[in-house]
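Open the structure in your viewer and keep the selection tool at hand. The tour goes one stop at a time.

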Amino acid sequence: MARYTGPKCRICRREGGKLFLKGDRCYTDKCAFERRAYAPGDHGKARKKPSDYALQLREKQKVRKMYGILEGQFRRYFEEAERRKGVTGTNLLMLLETRIDNVAYKLGFANSRSQARQMVRHGLFTLNGRRINVPSIQMKSGDVLEVRDRTKKNLVITEALEVVARRGVPAWLEIDAPAYKGSVKALPTREDITFPMTEQLIVELYSK
């Protein structure tokens, strides 16, 4: 399955909510979802009551697309979440949140998750002093993510840090902006994820 390369705002409109796929633009009145908060296409405005399956599918698609993960990989995350102790839905969200590309985005080193993923792939970061280029690496408590010295003057990163300075970083992360360094203070809890998600619907979908 190929990765979607079309308009990102179309994804938000299809899933019925802002997924913050275009960085700072999503917080302005230029956001396409703010202007057209209905599904794309000729029948986007049509009102119809969704089935239980449709609700479950849309919730899964919303979460999957927000984190930029393909279907096969998303299912593997779910299987890993099932194997772990605790609530499966919460485990799934914790696995997604601690991906290194998501952490780079939340720390403010990139304007979006897709941009952070590309930066990781290009080797612009070090994890605990070692250069990495795999976006799916799971970060642990105490891990330190740092921008490599030759990249610290990158204009994209500088601007992204200015944006996150206004927005703030999650409580489970710590940012040292002057040093272009961030760390995981503790693993996130369900309460740390403020984006509206109903993970139980995803569990119900995959449990059929």
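**Stop 1: a bridge between two strands**

Select Val144 and look across to E5, where its bridge partner is Ser183. Keep in mind that this is a predicted model. E3 and E5 run antiparallel, with three bridges joining them. E3 covers 144-147, and E5 covers residues 181-184.

Stay on Ser183. Is Ser183 buried or exposed? Its relative accessibility is 16%. Ser183 therefore counts as buried, since the cut-off is under 20%. Next, show what surrounds Ser183. Leaving aside neighbours within four places in sequence, Ser183 is in contact with Leu107, Asp143, Val144, Trp172, Leu173 and Glu174.

**Stop 2: the whole sheet**

Zoom out and colour the strands. Five of them form an open sheet, in the order E2-E1-E3-E5-E4. The pairing is antiparallel. Which strands sit at the edges? Select strand E2 (130-132) and strand E4 (173-176): each pairs on one side only.

**Stop 3**

Select H6, residues 100-107. H6 lies across E1, E2, E3, E4 and E5. Against E4, H6 runs at about 55°.

How do the axes of H6 and H7 cross? They come within 8 Å and cross at roughly 115°. The crossing of H6 past H7 is right-handed. From H6, select Ile100, Asp101, Asn102, Ala104, Tyr105 and Lys106. These meet Arg113, Ala116, Arg117 and Val120 in H7.

**Stop 4: the nonpolar cores**

Nonpolar side chains tend to be buried together in soluble globular proteins. Look for that here. The largest nonpolar core has 24 residues. Select Ile100, Val103, Phe109, Phe125, Met139, Leu145 and Ile157: these touch the most other members. The largest share, five residues, comes from H6.

Centre the view on Met139. Setting aside neighbours within four places in sequence, Met139 is in contact with Thr98, Ile100, Val103, Leu127, Val144, Leu145, Val184 and Leu187. Val144 is the residue you began with, the bridge partner of Ser183.

**Stop 5: a covered helix**

Select helix H5 (residues 88-97). How many of its ten residues are buried? Nine are, so the helix is mostly covered. The buried ones are Thr88, Gly89, Asn91, Leu92, Leu93, Met94, Leu95, Leu96 and Glu97. Now show what surrounds H5. Its buried residues pack against H3, H4, H6, H7 and helix H9 (199-206).

**Stop 6: salt bridges**

A search of the whole structure finds twelve salt bridges. Begin with Glu71 and Lys60, whose closest N and O atoms are 2.6 Å apart. Glu71 lies in helix H4 (residues 71-83) and Lys60 in helix H3 (residues 52-67), so this pair ties together parts that are eleven residues apart in sequence. Lys60 counts as buried, at 6% relative accessibility. Glu71 counts as partly exposed, at 22%.

Arg64 counts as buried, at 7% relative accessibility.

Move along H4 to Glu80 and Arg83. These two residues form a salt bridge, with the closest N and O atoms 2.8 Å apart. Both lie in helix H4, three residues apart, about one turn of the helix. Glu80 is partly exposed, with a relative accessible area of 25%. Arg83 is exposed, at 60%.

Key
Residues are numbered from 1 along each chain as its sequence is written. This is a predicted model: local features need pLDDT of at least 70, side-chain atom pairs count only at pLDDT 80 or more; totals for chains, interfaces and linings use all residues. Side-chain values use heavy atoms; hydrogens and water are left out. A nonpolar core is a set of buried Ala, Val, Leu, Ile, Met, Phe, Trp, Tyr and Cys residues joined through side-chain atoms within 4.5 Å. Buried means under 20% relative accessible area, exposed over 50%, partly exposed in between (1.4 Å probe, protein chains only). Helices (H or I, at least four residues) and strands (E, at least two) are DSSP runs, numbered from the N terminus. Contact means heavy atoms within 4.5 Å. A salt bridge is a side-chain nitrogen of Lys or Arg within 4 Å of a carboxyl oxygen of Asp or Glu. Two strands pair if DSSP finds at least two bridges between them. Axes are lines fitted to C-alpha atoms, for helices over the stretch in contact, and angles run from 0 to 180 degrees between N-to-C directions. A crossing is left-handed if the near helix is turned anticlockwise from the far one by less than a right angle, and right-handed if clockwise.
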